[in-house]
Amino acid sequence: MAQPLALAPPLAPACPLPQLTLVHDPQVFTATFRNTLIAAKKLTVDPNQHDADQLTHDFFAEVGLLNSLKHPNVIMLLGAVVTPPRMMMLLELASEGALD
C-alpha cells in the first residue's frame, strides 16, 4: 500500500529579503547568446552623474539577487557585464512577453 504524501511546512527566509529598486532607465532588447534568444538589459552610467554611485550599487544588487534566485518562475540571470560605465545583464527571455 502506498504511503500518504507528507507535505513540508513552507520555508521562512533566513534573513529579510532586500528591497528591490528599479535601475535608472535601462535599455532592454533581445539578443542572441550561445545560439539562444535572450533579453539583454543594458545600463550606461555617466560617472559625472550625481547618482552614479547609487545606480552602480543598485545594478550590482540586482545582479547579485538574480544570481542567487534559482526557480522555474523566476527569470534566470545568464551572465553580466559589470564594468562601469556600460553594464549589462543577460537574462532568460520570457517568450510569452511581459506580465503587465
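What covers the buried residues of H1? Let's work towards that helix and then walk around its surroundings.

## Ground rules

This is a predicted model, in which local features need pLDDT of at least 70 and side-chain atom pairs count only at pLDDT 80 or more, while totals for chains, interfaces and linings use all residues. Residues are numbered from 1 along each chain as its sequence is written, and side-chain values use heavy atoms, with hydrogens and water left out.

## Helix H1 and its cover

Helix H1 takes in residues 52-68; helices here are DSSP runs of H or I with at least four residues, strands are E runs of at least two, and both are numbered from the N terminus. The expected span is 1.5 Å times one less than the number of residues.

Among the buried residues of H1 are Ala-52, Leu-55, Asp-58, Phe-59, Glu-62 and Leu-66. Buried means under 20% relative accessible area, exposed over 50%, and partly exposed in between, using a 1.4 Å probe and protein chains only. An α-helix has 3.6 residues a turn, so residues three or four places apart point the same way. As for the opening question, the cover over the buried residues of H1 includes E2, E3 and E4, with contact meaning heavy atoms within 4.5 Å.

You will find one aromatic pair in the structure. The ring centres of Phe-59 and Phe-60 are 6.4 Å apart and the planes stand at 90°, so the pair is edge-to-face. (Rings of Phe, Tyr and Trp, the last by its six-membered ring, pair if their centres lie within 6.5 Å; planes under 30 degrees apart are stacked, over 60 edge-to-face, and the rest tilted.) Phe-59 is buried at 1% relative accessible area, whereas Phe-60 is partly exposed at 37%.

Lys-41, in strand E2 (residues 36-44), counts as buried at 15% relative accessibility. The Lys-41 side chain makes a polar contact with the side chain of Glu-62 at 2.7 Å.

## The loops

A hairpin of four residues joins E3 to E4. The loop between E3 and E4 holds Pro-85, and the peptide bond from Pro-84 to Pro-85 is cis, with omega near 10°.

The loop between strand E1 (27-33) and E2 holds Arg-34, and Asn-35 lies in the loop between E1 and E2. Neither is a glycine, yet phi is positive: about 55° for Arg-34 and about 60° for Asn-35. Arg-34 is exposed at 71% relative accessibility, and Asn-35 is exposed at 78%.

Conventions:
Two strands pair if DSSP finds at least two bridges between them. A polar contact is a pair of N or O atoms within 3.5 Å; within protein, one must be able to donate a hydrogen and the other to accept it, and residues adjacent in sequence count only if both atoms are side-chain atoms.
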